[in-house]
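Trainee: Could you take me closely through the nonpolar core of this model, and through what lies around it?

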Amino acid sequence: MDTETVQRRRRTNATPHNAVVTEKRLKRGEVLAKKKADKLLIKEAYAKKDQLASFPAYRHFQINGLSVCLKSGHGDKLPSPVKRYIQNLLKLNMEGPYGSEWQAEEKVKRVEMVDPEACYIFVHEVDNSKAGEMTTMLTAEDTSTSRLEDSSLLVGFVHYRFVLEEEVPVLYVYELQVEPRVQGKGLGKFLMELIELIAQKNCMSAVMLTVQKANLSAMKFYTSKLRYIISATSPSKVNPKIETSYEILCRTFSDEAKTILEVTENKSF
Ligand SMILES: CC(C)(COP(=O)(O)OP(=O)(O)OC[C@H]1O[C@@H](n2cnc3c(N)ncnc32)[C@H](O)[C@@H]1OP(=O)(O)O)[C@@H](O)C(=O)NCCC(=O)NCCS
């Protein structure tokens, strides 16, 4: 798959039938006003410097012998050790599921990683005995990058963006990566819970993400455990005759998003 194709995979080219029906129902003026309002929502979401500020209870997480602190980051402000950390963890976790597509995908991910619109939540492991101390430090206004630069404490991250998907404002999870040694301890579920809260706080109508079909454990995690569903915009729903290596999953928070991103009836192929 070439780089352009891989980049395009996050958006479907076909306009779902449901989106057309919904749009026809609205008068032109209403459509324009809605488009403007949705763009404003995205702009306002990006204007917030630290999404974690709204969720102080989520800055620290302690479970199954694991104690972590969370910190926000932005693609255009990543220190070099953190960029290296992201690249290494992506290779470790994703080279297998991507198989022969990995080389091309790795290049795409390197570009996506530093995009100014790339929002991050970094997960830092902390010494249990210092957990309280660290929480206090992170809750206070902390704009320095000192701890971010210490990538040795990182154990995972989420990369997400606020985008319009089929003209619906959504939080799109580009990456959710947890180091193998801390997987299965509830961290992934905790991070997705936080992501959904961030989405709703910013009036996004859904959370969306892309999963490689070969990534069976992640697929199971999202669909069985977190109850995400295959989106109507996923290639397998848009055109089942064309085989692709990935699915687009979603969880919606509004009727409009449900109609456009979930419901697949009335489609003719
Ligand atoms: C997928 C991933 C993010 C899940 O995070 P995690 O911290 O390991 O998952 P959690 O410990 O939070 O699991 C939450 C629940 O899902 C279950 N679960 C986790 N992995 C599972 C799997 N492979 N199959 C079935 N259930 C699974 C857990 O048992 C847990 O259930 P419980 O709440 O009843 O105890 C993590 O394993 C990972 O980073 N994998 C590699 C990178 C990757 O594939 N990312 C997704 C790319 S789209």
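Mentor: A nonpolar core here is a set of buried Ala, Val, Leu, Ile, Met, Phe, Trp, Tyr and Cys residues joined through C-beta atoms within 7 Å, where buried requires 20 or more other C-beta atoms within 10 Å of a residue's own, exposed 12 or fewer, and partly exposed a count in between, with C-beta atoms placed from the backbone. The model is predicted, so local features need pLDDT of at least 70 and side-chain atom pairs count only at pLDDT 80 or more, whereas totals for chains, interfaces and linings use all residues. Residues are numbered from 1 along each chain as its sequence is written.

The largest nonpolar core holds 55 residues, and those touching the most other members are Val158, Leu171, Val173, Ile195, Ala206, Val207 and Met208. Strand β5, residues 168-178, gives the most to this core, with 8 residues; strands (E, at least two residues) and helices (H or I, at least four) are DSSP runs numbered from the N terminus. Beyond its neighbours within four places in sequence, Met208 is in contact with Glu165, Val170, Tyr172, Ser231, Ile248, Leu249 and Cys250, contact meaning C-beta atoms, placed from the backbone, within 7 Å.

In the loop between β4 (154-165) and β5 lies Glu166, which has a positive phi of about 50 degrees although it is not a glycine. Glu166 is buried, because 21 other C-beta atoms lie within 10 Å.

As for confidence, pLDDT, the predictor's confidence in each residue from 0 to 100, has a mean of 86 over the protein chain, but stays under 50 over residues 131-148. Where pLDDT is low, the predicted coordinates should not be read in detail.

Terms used. Contact = placed C-beta atoms within 7 Å.
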